[in-house]
Amino acid sequence: MGSHKTCILVVDDDAFVREILASILEADDYQVLTAENGVQALEICRSHDEIDLIVSDVNMPEMDGITLIKTLREQQLDLPVIMVTSVSSISVAVDALSSGAIDYVLKDEGIQETITITVRRALEKHQLKKQNTQLLSDLAAKTSEQQQTLSYLTAIINNMPDGLLVSNSSSVITLANPAIAQMLGMPMDSLIGQNCCQTLKNIFPFMDGTCCEHKQLSTQVTVQLANGRIGSAIGAPVGKVTDTANNEEEFAGNLVIVRDVTAERELDKMKDDFISTVSHELRTPLTSVLGFTKIIRKKLEDIVFPQLPTDEPKVAKAVRQISESTQVIISEGERLTDLINDLLDLSKMEAGKTSWKMAEAKIEDLISRAINSTAALFEQKGLLLSSEVSKDLPLLDCDADRIHQVLLNLLSNALKFTDQGSVIVRVMAESDGFIRFEIEDTGIGIDEAELPLIFEKFKQSGNTMTNRPKGTGLGLAISRQIVEYHNGYIGVVPAAAGSIFYFRLPVGSNDGHYLE
Amino acid sequence: MSKILIVDDEPHIRYLLELTLEELEDDGAELLFAENGAIALEIIRAEQPQLVLLDVMMPEMDGFTVCDTVKNELAMKDIYIVLLTAKGQELDRNKGEAAGADLYMTKPFNPDDVLELARKILNI
């Protein structure tokens with residue numbers, strides 16, 4: 001009851017009785033206030049909210065005890081009142097109890113004991129009553145909170161665009177929202193109460209009877225919905241916590257969420273068709289442009305130019321300009337072809353539609369193939385190309401053509417951005433079971449701010465407005481896709497002069513990719 | 001006499017291939033042309049060319065069907081068929097292989113490569 005003493009208000013018109021009662025109660029370590037009648041008592045109650053109990057006489061001038069109780073209750077003051085009454089008026093005491101007094105005490109010679117016991121009992125009883133009231137109001141608050149949460153949940157479930165279905169541990173559907181009813185083309189009341197393994201096994205392949213067994217259902221599948229629509233369904237078990245301390249759960253049923261992915265699939269298909277059409281429409285004219293330019297160049301060089309008087313400066317100049325111009329058309333046309341090929345490659349990889357040919361490959365072969373295809377270009381530019389490949393490297397599980405593509409990409413980048421010096425290819429085994437490939441150049445290097453960007457599409461180091469872009473800007477993005485498909489990592493670090501591009505591939509942890 | 005059949009619905013591409021291969025005429029080769037698959041099949045039956053450069057996407061009958069008919073139905077397996085496609089898709093490559101094409105070339109092709117290939121096949 002807090003730190004202060006329990007406070008009792010003694011009300012009696014007889015000063016002698018007041019004093020006796022006060023001294024008895026004070027001796028019992030209560031704080032005691034006194035009043036001469038009901039009116040005074042009410043005033044004290046209103047001004048002293050620390051009063052815990054009233055001990056009141058019945059018959060008093062101005063306002064008697066019964067009226068005091070009634071007035072207190074009218075004024076919402078829930079103070080327990082003990083009536084003190086003389087032996088002759090025991091019927092009044094009964095009245096008092098029925099008016100709301102908590103107990104009564106007879107004014108007799110035993111009052112010293114009876115008042116002590118009655119006060120203690122009344123206080124305990126009142127305390128219990130207060131606790132009970134508190135509990136009831138807490139419960140009401142919790143119930144209303146839960147009802148509110150429930151109405152939120154109901155509104156969410158009924159209005160969510162995804163279909164929702166819940167079944168209990170006996171596979172009986174206990175909840176279905178309007179979205180799932182529409183998706184399945186079945187009214188809600190024809191779903192609820194049905195056995196899901198019987199009613200829906202043709203739609204959801206995982207509802208095959210085993211889903212009723214514990215935690216079997218945790219899967220994502222594509223399903224055929226009503227009206228030719230396509231859904232992506234996720235099934236998951238619902239667990240009911242049975243033991244919070246040990247985190248134990250009991251299987252309580254299954255949950256299925258279905259998303260209508262018809263539009264997404266259509267978009268995917270449109271994108272594929274678009275890329276395929278664009279690529280076709282671009283390649284056809286490009287074939288003519290490149291092909292005829294090459295024919296023109298050949299005819300000019302083989303037939304026309306030898307007939308011309310090239311000792312005339314004007315003719316010699318025109319011949320040179322024609323040669324240079326056709327060369328520009330050809331190299332730009334080829335760049336455009338590369339760009340189309342790279343775009344197709346990348347969009348297929350991003351869509352997961354590339355077919356991969358995984359097989360064990362000798363790393364030495366990968367490196368010598370890459371070096372053989374680029375050595376002549378390095379020689380032309382006067383750059384030294386060398387390789388340091390560790391001995392006893394294991395066989396690498398990879399798509400050799402794609403890894404060749406990565407090596408070629410990194411080597412041609414090194415070639416493009418290095419004007420003098422050398423390029424070194426290194427391969428070594430790392431302690432964590434990865435093989436590390438490195439291509440170090442002595443080129444222009446990469447600005448640190450651009451490092452995170454260069455593996456993105458169309459992000460090339462340097463200012464593309466002032467420096468003519470070399471290549472398509474897709475090579476590194478494609479290389480990253482290839483390396484990441486192999487569960488590897490590609491990156492770049494600054495070197496003493498220039499940069500080191502590297503990629504790491506795991507020797508044998510590609511499990512799971514073969515099936516794609 | 002060596003015969004090469006050029007099949008493409010695009011007159012530009014037929015002309016490009018003609019210019020590419022015309023020097024073979026000096027070595028005694030004959031260039032034949034078809035603008036769709038149906039005409040191509042007629043010519044193949046009548047002339048039995050050694051080499052066919054066959055576009056994939058054509059109206060009436062596409063290159064896969066022509067290739068499949070020649071290689072499987074007519075069992076003219078000695079005719080070397082090059083499929084030319086502008087699609088550059090692996091699916092096409094697989095379809096081409098299934099149809100029994102000998103080679104699969106993606107547009108834009110390099111005229112010099114086509115010429116070199118034709119010389120090799122015709123052995124001239």
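Two strands count as paired if DSSP finds at least two bridges between them. With that in hand, let us walk through this predicted model, starting at one bridge: Met428(A) has Arg436(A) as its bridge partner in S15(A). The two strands concerned, S14 (residues 422-429) and S15 (residues 434-441) of chain A, run antiparallel to each other and share 7 bridges.

**The sheet and its helix**

Both strands belong to an open sheet of 5 strands in chain A, ordered S12-S14-S15-S17-S16, with mixed pairing. Its edges are strand S12 (384-389) and strand S16 (489-494) of chain A, each of which pairs on one side only. On average, and ignoring direction, neighbouring strands of this sheet are turned by 15 degrees against each other. Helix H10 (residues 363-380) of chain A packs on the sheet, where it touches S12, S14 and S15 of chain A. The direction of H10 makes about 175 degrees with that of S12(A).

**The core**

The largest nonpolar core holds 43 residues. Those touching the most other members are Ile363(A), Ile367(A), Leu396(A), Leu407(A), Phe437(A), Ile439(A) and Phe503(A). Helix H11 (residues 400-417) of chain A supplies the largest share of this core, 7 residues. Take Ile439(A) as an example: leaving aside residues up to four places away in sequence, its contacts include Leu407(A), Leu410(A), Val423(A), Val425(A) and Phe501(A).

**An enclosed helix**

Why is helix H12 (residues 475-485) of chain A described as largely enclosed by the rest of the structure? The reason is that 8 of its 11 residues are buried, where buried means under 20% relative accessible area. Among them are Leu476(A), Ile478(A), Ile482(A) and Tyr485(A). The buried residues of H12(A) pack against helix H9 (313-350), H11, S16 and strand S17 (499-506) of chain A. Just after H12(A) comes Asn487(A), with a positive phi of about 60 degrees.

| Item | Value |
|---|---|
| Residues in contact | 23 residues of chain B, 20 residues of chain A |
| Buried area between chain B and chain A | about 1,900 Å² |
| Part of that area from carbon and sulfur atoms | 59% |
| Salt bridges between chain B and chain A | 3 salt bridges |
| Glu23(B) to Lys298(A) salt bridge, N to O | 3.4 Å |

The salt bridge of Glu23(B) and Lys298(A) is formed by their side chains.

Terms used:
Residues numbered from 1 in each chain as written. Chains lettered and ligands numbered in written order. Predicted model: local features only at pLDDT ≥ 70, side-chain atom pairs only at ≥ 80, totals over all residues. Heavy atoms only, no water. Helix = DSSP H or I, 4+ residues; strand = E, 2+ residues; numbered from the N terminus. Axes fitted to C-alpha atoms, helices over the stretch in contact; angles between N-to-C directions. Contact = heavy atoms within 4.5 Å. Core = buried A, V, L, I, M, F, W, Y, C linked by side-chain atoms within 4.5 Å. Buried < 20%, exposed > 50% of the residue type's maximum accessible area, 1.4 Å probe, protein only. Buried area = accessible area lost by both parts, 1.4 Å probe. Salt bridge = Lys/Arg side-chain N within 4 Å of Asp/Glu carboxyl O.
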